[in-house]
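Hello,

Here is the structure we talked about handing over.

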Amino acid sequence: MPARDAGTVEFVDLTNEIAEFLTSRRAKVTPEQVGLPTYGPRRVPGLRREEVASLAGVSVEYYKRLERGNASGVSESVLEALAQALQLDDAERAHLFDLARAANPIAPRRRRPVQQRVRPVVHRILDSITTPAIVRNSRVDYLAANPLGRALYAPLFESREQPANSARFTFLDPAAQDFYVDWERVAKDLVAHLRSEAGRHPHDRGLSDLIGELSVRSAEFRTWWAAHNVRYHQTGTKRLHHPIVGDLELSYEVMELPADAGVTISVYSAEPGSRSQEALDLLASWASTPDEARTP
């Protein structure tokens with residue numbers, strides 16, 4: 001097994017997470033963006049620690065302590081000031097608060113992975129949806145799907161990389177680069193989603209095991225994980241090259257199930273009258289055909 005490098009994690013080290021996140025966000029903001037004057041060449045990209053401290057209204061020593069990962073006891077007002085100084089978006093701000101909330105002197109025990117079960121009512125809802133629909137958890141495990149959803153994501157459900165998981169398929173199965181037309185964007189979005197989840201649930205053993213597996217087996221994952229980017233994954237467009245019906249461009253919406261923590265339903269649709277809708281209709285017909293009667 002390859003040696004782990006700086007981008008590989010076996011569990012979430014909150015001290016390093018906070019330090020590296022603040023450092024990476026500081027490097028992305030230029031003095032011009034926050035209205036600060038510049039004098040001559042700068043040795044490092046982005047803002048200096050002294051400039052962030054000044055913008056956030058805290059002492060330089062206090063900010064240095066935060067950037068060393070010591071965020072125990074930091075107030076919400078200071079976090080808000082830092083979020084504004086570093087021009088964090090909503091996902092980045094939430095991630096900073098999650099990391100700070102988890103930083104306490106007594107770390108909770110790591111939670112063992114539990115087998116999540118999809119409730120019967122959720123299965124009935126899935127079956128009533130006429131477009132592709134998928135049930136996932138926060139680790140992007142694919143827990144259930146309606147027949148059209150399973151047909152749409154057949155390469156993932158039938159992948160040699162099991163159990164079915166969006167990140168595992170995307171980074172570890174070569175078929176993913178044919179299936180996702182925008183593979184790199186999809187892959188980076190998944191890394192950013194897992195980053196957000198790691199900050200929200202730093203002691204989730206199943207999540208840290210997944211991150212560790214991907215870090216060891218995928219150079220791309222290691223590289224993009226080290227960037228500390230975070231993102232909400234709630235709506236957007238997916239471009240797929242399906243092995244049966246060809247190219248599809250689908251809009252998707254992710255809806256939370258409040259009774260099942262971290263579980264969502266993703267629903268996909270095509271523009272009416274479009275080539276993608278024709279392909280989706282063809283896929284629905286193919287999916288409803290008995291296996292023995294199907295032809296490629």
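**Helix packing**

The axes of H5 and H11 cross at roughly 30° and come within 8 Å. Angles under 35 degrees count as roughly parallel, so H5 is roughly parallel to H11. On the H5 side, the contact is made by His 95, Asp 98 and Leu 99. On the H11 side, Arg 195, Ser 196, Gly 199 and Arg 200 make the contact. By class, the contact of H5 with H11 has one nonpolar, three polar and three charged residues. Please bear in mind that this is a predicted model.

The other pair is H2 and H3. Helix H2 covers residues 49-56 and helix H3 covers residues 60-67. The two pack at an angle of about 110°, and their axes are 9 Å apart. The range for roughly perpendicular is 65 to 115 degrees, so H2 and H3 are roughly perpendicular to each other. The crossing of H2 past H3 is right-handed. H2 makes the contact with Arg 49, Glu 50, Val 52 and Ala 53. H3 makes the contact with Val 60, Tyr 63, Lys 64 and Glu 67. Sorted by class, the contact of H2 with H3 holds four nonpolar, no polar and four charged residues.

**Cavities**

How many cavities of 30 Å³ or more does a search of the whole structure find? The search finds two.

The largest cavity holds about 60 Å³ of space. What lines the largest cavity? The lining is made up of Arg 136, Ser 166, Arg 185, Val 186, Asp 189, Leu 190, His 233, Lys 238 and Tyr 252. Helix H11, residues 183-200, gives the most to this lining, with four residues. By class, the lining of the largest cavity has three nonpolar, two polar and four charged residues.

The second largest cavity has a volume of about 30 Å³. Its lining consists of Ile 18, Leu 22, Leu 66, Ala 71, Leu 79, Leu 82, Leu 96 and Ala 100. Helix H1 (14-26), helix H4 (76-85) and helix H5 (90-102) are the elements that give two or more residues to the lining of the second largest cavity.

H5 gives two or more residues to the lining of the second largest cavity.

Best wishes

Conventions
Residues are numbered from 1 along each chain as its sequence is written. This is a predicted model: local features need pLDDT of at least 70, side-chain atom pairs count only at pLDDT 80 or more; totals for chains, interfaces and linings use all residues. Side-chain values use heavy atoms; hydrogens and water are left out. On a 1 Å grid over the protein atoms alone, a cavity is a set of points where a 1.4 Å probe fits but cannot get out, and a pocket is an open set with protein on both sides within 12 Å along at least five of seven lines; lining residues have an atom within 4 Å of a point. Grid points are joined across faces, edges and corners, and a volume is the space filled by probe spheres set on the points. Ala, Val, Leu, Ile, Met, Phe, Trp, Tyr, Cys and Pro count as nonpolar, Asp, Glu, Lys and Arg as charged, and the others, Gly among them, as polar. Axes are lines fitted to C-alpha atoms, for helices over the stretch in contact, and angles run from 0 to 180 degrees between N-to-C directions. Angles under 35 degrees count as roughly parallel, over 145 as roughly antiparallel, 65 to 115 as roughly perpendicular and the rest as oblique. A crossing is left-handed if the near helix is turned anticlockwise from the far one by less than a right angle, and right-handed if clockwise. Contact means heavy atoms within 4.5 Å.
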